[in-house]
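Thanks for coming. I will go through one structure today, starting with its pockets and ending with a strand.

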Amino acid sequence: MLPAIVKLCCGISYQHFRSMTGLQQRAVAAIGQEINLMQRGSQITLPNWASHVQWIKANSHTGKPENEGTISTPMTLREEELVYVNQGKEALKKALEILQDKDGWKREILEESGDVVLSKTLPGTGKVFRLEAVLDATPEELYDDLFVKVEEMNQWNPDVKQIKILKHIGQDTMVTHEVSAETAGNLVGQRDFVSVRHCCKQKSCIYLAGAATHLEAFPPQKGFVRAQDGPMCIILQPLGEEKKKCQLTWLLNMDLKGWLPKSIVNQVLPQAQADFTKHLRKRLSENMSYSNKPIC
Ligand SMILES: CC(C)CCC[C@@H](C)[C@H]1CC[C@H]2[C@@H]3CC=C4C[C@@H](O)CC[C@]4(C)[C@H]3CC[C@]12C
């Protein structure tokens, strides 16, 4: 019944859509784009009938509907954005596959706090690192610092010089530009990265995935070696019901590019991971002391 009504509405409104001008056309096209994107990015589940509605695709230059005379096929709009969402999902899948295999990990660092960094060499991928740490925070709080407020990371992590969000694609995907700080003694020069960052929440766990990507408007910058991050992933898993404790598992898979001896790379990367949790703990304790402060 419902699909029939929708089809009828489409039939009735079709002539109107065709005779619409400029802004109106763009508005309808934009709504269509939005619905397609939401549906494809599976941010919302639309009822089945929604797929019967065929949206008019407006030409971005002329504002006129494309395929004049025929009802256009379901739009392949914002394809570029869907590419990023899929890259993020793919990164998560690949990173989880690596983490799922519990065999063959070698211990690189064991901190007094109990944080541990492990490594494994994978054929075709090279050496990957895995950090395991328990933090006094909920997954949501960590998601806030690591995803929502990612641009603030340089304020608490001295290994990061700058992070900028170049593009938001919905709430769960973004393209970021990161610049690392110079390491002590400038053993490894500054690197910059353009990455797709994708978040996925499942039950009580939060997954933050990432992988190197391209943004035409952001080619490699002069003076920086463009490195490649990923497929990487951070898993935030709550520990215990009441206590604010969270298990953080971080798979780091980074190609620093440039001319660097492997021995240096294999030393700085696990160290950067171990340092990351130290800085993150400090940030969390500062956040906590703020939230405990009386309001006035
Ligand atoms: C050894 C030198 C060259 C590199 C050291 C800098 C490293 C530690 C920095 C540079 C960019 C940083 C990443 C930038 C963005 C994110 C996304 C966020 O959701 C989780 C943390 C994560 C993944 C950061 C982890 C730390 C990071 C990888």
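**Pockets, cores and a strand**

In the largest pocket, α6 supplies the largest share of the lining, seven residues. Keep in mind that this is a predicted model. The space in that pocket comes to about 870 Å³. Its lining has 38 residues, and those closest to the centre are Asp159, Val160, Trp250, Met254 and Ala272. Besides α6, the elements that each give at least two lining residues include α4, β4, β5, β6, β7, β10 and β11. Sorted by class, the lining of the largest pocket holds 24 nonpolar, seven polar and seven charged residues.

The second largest pocket has a volume of about 410 Å³. Of its 19 lining residues, Lys127, Met254, Asp255, Lys262 and Val265 are the closest to the centre. Here too α6 provides the largest share of the lining, with four residues. At least two lining residues each come from α3 (79–100), β3, β12 (254–255) and α6. The class count for the second largest pocket is seven nonpolar, seven polar and five charged.

Next, the packing. Which residues touch the most other members of the largest nonpolar core? They are Leu146, Leu208, Leu236, Leu248 and Leu280, out of 38 residues in that core. Several elements each supply at least two of the core residues, among them β3 (126–135), α4 (139–148), β10 (232–239) and α6 (262–292). The most come from α6, which gives eight. Take Leu280: setting aside neighbours within four places in sequence, Leu280 is in contact with Leu135, Leu142, Leu146, Trp156 and Leu248. Another core, of 26 residues, lies apart from this one and includes Trp105, Leu215, Cys233 and Ile235.

Last, strand β6, residues 191–202. Why is β6 described as largely enclosed by the rest of the structure? Because 10 of its 12 residues are buried, with buried taken as under 20% relative accessible area.

The pairing of β6 goes as follows. Strand β5 (residues 173–180) runs antiparallel to β6, and seven bridges join the two. Within that pairing, Val175 has Val196 of β6 as its bridge partner. With β7 (residues 205–212), β6 also pairs in the antiparallel sense, over eight bridges. There the bridge partner of Cys200 is Tyr207 in β7. β6 and β7 make a hairpin with two residues between them, and Lys203 in the turn has a positive phi of about 50 degrees. With β8 (residues 225–226), β6 runs parallel, joined by two bridges. Arg191 is opposite Val225 of β8.

That is the end of my part.

Methods:
Residues are numbered from 1 along each chain as its sequence is written. This is a predicted model: local features need pLDDT of at least 70, side-chain atom pairs count only at pLDDT 80 or more; totals for chains, interfaces and linings use all residues. Side-chain values use heavy atoms; hydrogens and water are left out. Buried means under 20% relative accessible area, exposed over 50%, partly exposed in between (1.4 Å probe, protein chains only). Two strands pair if DSSP finds at least two bridges between them. A nonpolar core is a set of buried Ala, Val, Leu, Ile, Met, Phe, Trp, Tyr and Cys residues joined through side-chain atoms within 4.5 Å. Contact means heavy atoms within 4.5 Å. On a 1 Å grid over the protein atoms alone, a cavity is a set of points where a 1.4 Å probe fits but cannot get out, and a pocket is an open set with protein on both sides within 12 Å along at least five of seven lines; lining residues have an atom within 4 Å of a point. Grid points are joined across faces, edges and corners, and a volume is the space filled by probe spheres set on the points. Ala, Val, Leu, Ile, Met, Phe, Trp, Tyr, Cys and Pro count as nonpolar, Asp, Glu, Lys and Arg as charged, and the others, Gly among them, as polar.
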